[in-house]
Amino acid sequence: MRTLLRRVIRDGKQTALLVTHDALDALVLADRVVVLSGGRIAEQGATRDVLARPRSSFSARIAGLDLIPGIAASGALRTADGIEIHGASVEVTDGEPAVAVFPPSAVAVHTERPTGSPRNVFRVRLAALEPRGDTVRLRASAPDGAPAWVDGLAADVTPAAVAEMGVDPGDDVWFAVKAAEVAVHGTHS
């Protein structure tokens, strides 16, 4: 059906309006997207730009990415609660609203607070374990005393890692993300 729609839209040289919740539909069929959240436009622009550089948590989730909001500060992102998220690609001026974005595959999960090179480490409570083919997506919620931006963050790990850690929804774990895996960009188009 997607192939047929793509052919009709491209060959017909007509404008078409498509409503979808599927990022693949948007990538294959749309030149531009408008992302609605809560009945309002969350962001809009070229499809590839919006999905590669989301500016809202809702768009990031559609694109399959994790997103942390804050303000650009000294080559990093400072969250509203003062936590610094370090990134390798920082494309925003200090003081501007910004987001840190990274794929769930870049998140390492630990049952104890890790030490070592990852600069971005935060405690989360597991909300859900979602099988996704060869991986399991660990969906986070904010444990008591943790910042609200933790809600919805995700980590992709192997089923063997889940079994070895012995974790279940409700358990507190640590997410760690290397700065090299994080992009920080502005929230204005």
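Modeller: In this predicted model, β3 and β7 pair in the antiparallel sense over six bridges.

Biologist: How do you know that β7 and β13 count as paired strands?

Modeller: Pairing requires at least two bridges. β7 and β13 (residues 183-186) have four, in the antiparallel sense, so they meet that requirement. Val101, for instance, has Ala183 of β13 as its bridge partner, while Ile71 stands opposite Pro97 in β7.

Biologist: Why is β7 described as largely enclosed by the rest of the structure?

Modeller: Buried means under 20% relative accessible area. Five of the six residues of β7 are buried, and β7 is therefore largely enclosed.

Biologist: Which residues touch the most other members of the largest nonpolar core?

Modeller: They are Ile68, Ile85, Phe122 and Phe175, in a core of 29 residues. Strands that each supply at least two residues of this core include β3 (66-73), β7 (97-102) and β9 (120-132). Beyond its neighbours within four places in sequence, Ile68 is in contact with residues including Leu77, Ile85, Val99, Phe122 and Trp149.

Biologist: What makes Ala23, Ala26, Val33 and Val35 part of another core?

Modeller: They belong to a second, separate core of six residues. Membership requires buried residues of the listed nonpolar types, joined through side-chain atoms within 4.5 Å.

Biologist: What is the make-up, by class, of the lining of the largest pocket?

Modeller: The lining has 17 nonpolar, five polar and four charged residues. The pocket has a volume of about 800 Å³, and β1 gives the largest share of its lining, five residues.

Definitions and conventions: Residues numbered from 1 in each chain as written. Predicted model: local features only at pLDDT ≥ 70, side-chain atom pairs only at ≥ 80, totals over all residues. Heavy atoms only, no water. Buried < 20%, exposed > 50% of the residue type's maximum accessible area, 1.4 Å probe, protein only. Contact = heavy atoms within 4.5 Å. 1 Å grid on protein atoms, 1.4 Å probe; cavity = no way out; pocket = protein on both sides within 12 Å on 5 of 7 lines; lining within 4 Å. Points joined across faces, edges and corners; volume = space filled by probe spheres on them. Nonpolar A, V, L, I, M, F, W, Y, C, P; charged D, E, K, R; others polar.
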